[in-house]
Amino acid sequence: MIGLGLLKAMRVTLRNALKTPFTIQYPDRKVGIAGAAKNEGKSPVGLVATQPVTAAKAAMSLYSVPVNIPQNPRFRGNEFTWYENRCTGCASCAKYCPLGIIEIVTSPGGFDVQEGESYAIDVFDIDIGRCMFCGLCVEACPYDALHMGSRFERSKYERDALVIPVDELREALKQPSSWFRPQFEEREYDPFRDGERTDHYSVGRHEKPDQETLDERWVEER
Amino acid sequence: MTTQVRTEPITVNLGPQHPSTHGVFRMRVTFDGEEIIDVEPIFGYLHRGSEKLAEERTYVQVVTLTDRMDYVGSMLNNQAYMLAVEKLAGVEPAPRGVWLRMIASELQRIASHLVAVGFLIQDLGAWGTPLIYTMREREKILDLFEMLCGARITNSYLRPGGVFMDAPEEFWPAMNEVLDELPPRIDDLDDLLTDNDIIFSRTKGVSILTPEQMIDASITGPMLRAAGVDWDLRHRDPYDYYDQVKFDRPLHTAGDNFARYWVRVQEMRESIKIIRQCEQLIEPGPIRPEHDDVPWLLRPPVGDAYAAIEHSKGELGFYLVSDGSISPYRCHVRAPSLINLTLLRDMLVGELLADMFVSFGSVDINMGEVDR
């Protein structure tokens, strides 16, 4: 019958129109007076009494709070997490990068790392502007020194600013993603919940060896 | 009283920057009044040289290039490429890895069909609503991919012989939730569109292609099944473990725009069935072969291999030639989008201007794959 199909279609549209939106507002969302009071740490009545301007703004839907979107732990973020103490400068990551955007320059004679000696890393530049976040460099790292980061808000106005130099990598937020790092999932680490991991021992696949084992392996056996 | 109006053919250039062309595609169309009398498709605007780029990358690195060919079906592209590499290098894949990649690629098939249906309806003029409904469902599947491999579109999830990481524990309940929600949504699509009189009058009997025409042009996929030809590589030439799962192959006999739309909607239901069976059959075990069997720098013996899968758009094949080095000597892609476009002139000539983009959308092409 002509028209019946249209009625059925209208029913679907109506049913969906009554649902709450699926959309997540980003980077901030508008809240009413109740939400504004919660954000300011006050009761709604207290907010109106002490900060009438803020309360009026909230009533007119002009007050917004930032939204934090939790990603999954394996999220391949826009920033890399690098543990210098674990890195030996082997440049496996630079070799495995399909685009060749990692530049590593080393000089001999570093400090003692977890086990053995290392090169000093002079240059470790990652050109984020050309990176496609496939994560092959992280997969290639045999010492768990390089990890994908978990943050993603890294837009810049210039292309040159997109290159992460070694100093920035050293000081960057150590919030590694668990992408290709099964040890994080075994320890139930979630970067978006647990935050930073600054201890370079705890990000490896093995437990930290005690001093006796290290002495035995590196002093006595030699 | 009718008067005879004399009309002259007029040539219109559509694209490459046109919102309805699903990418950067250009058509030089000649109209006589509202009727199309000639079409000249021009493509190559999105050519990135993926096949050439593959020649100077190692076998594992090429995965990242296949993601970017058909960017709404990355998992399926990964699967086709990995099958070719495994054939070439003689790699025995790990069973759990194969089940995982079957689940991933069937999820991707649903997502790809949702995009195809949504944009087809948008081309019909239903601006927004059905497209947003389908995109909402696709979003949930992309969230599952993020849980699996950390990325939503450019997955790079597969490796020779399996996948790089096992699915996390929370993936299985999340996937079941999505699969439970999907059938009512597909029913909604049916209510909204399949019984809709406006859709009937716009799509039925438009741009009919006969099975003979399509077989001559080697068109595959939902387009061919919409004309009643039972040709599905998952059934005809089972790869991975498709011979262990049961599924139906929806067929339609009309071969018009409506049939192409209908087949895609029904295939989504079949994909859900396949995923349910894979979930039952999957067993714990290694997800990829040992590093000694499949080293990072694969050096396959001299030779060539062709592997094809049933992509959401048709038969996607990778032809790899090895000269014994760490990178392929030649990598050729049999892209279904490009080959399905070859009958565009036959589809469009004689149809009306308003139906042009509907027919074009019903082919479900992806310019990233056409131009590569």
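Which residues does B:P250 touch, not counting residues up to four places away in sequence? In this predicted model, B:P250 touches B:R225, B:V263, B:Q266, B:E267 and B:E270.

**Surroundings of B:P250**

B:P250 lies in a loop of chain B, between α10 (233-236) and α11 (257-281). One of the residues that B:P250 touches is B:Q266. Along the chain, B:P250 and B:Q266 are 16 residues apart, and a distance of 6.3 Å separates their C-alpha atoms. B:P250 has 18 other C-beta atoms within 10 Å. A residue counts as buried at 20 or more such atoms and as exposed at 12 or fewer; B:P250 is therefore classed as partly exposed.

**The sheet of chain B**

Chain B also contains an open sheet of three strands, arranged in the order β1-β2-β3 with antiparallel pairing. The edge strands, β1 (10-14) and β3 (35-42) of chain B, each pair on one side only. From one strand to the next, the twist averages 20°. Five bridges join β1(B) to β2 (residues 26-32) of chain B, and the two strands pair in the antiparallel sense. Within this part of the sheet, B:I10 stands opposite B:F31, a residue of β2(B).

**Confidence of the model**

The scores of the prediction are listed below.

| Score | Value |
|---|---|
| Mean pLDDT of chain B | 86 |
| Residues of chain B with pLDDT of 70 or more | 99% |
| ipTM of the model | 0.77 |
| pTM of the model | 0.86 |

Note on methods. Residues numbered from 1 in each chain as written. Chains lettered and ligands numbered in written order. Predicted model: local features only at pLDDT ≥ 70, side-chain atom pairs only at ≥ 80, totals over all residues. pLDDT = per-residue confidence, 0-100. Pairing = 2+ DSSP bridges. Helix = DSSP H or I, 4+ residues; strand = E, 2+ residues; numbered from the N terminus. Axes fitted to C-alpha atoms, helices over the stretch in contact; angles between N-to-C directions. Contact = placed C-beta atoms within 7 Å.
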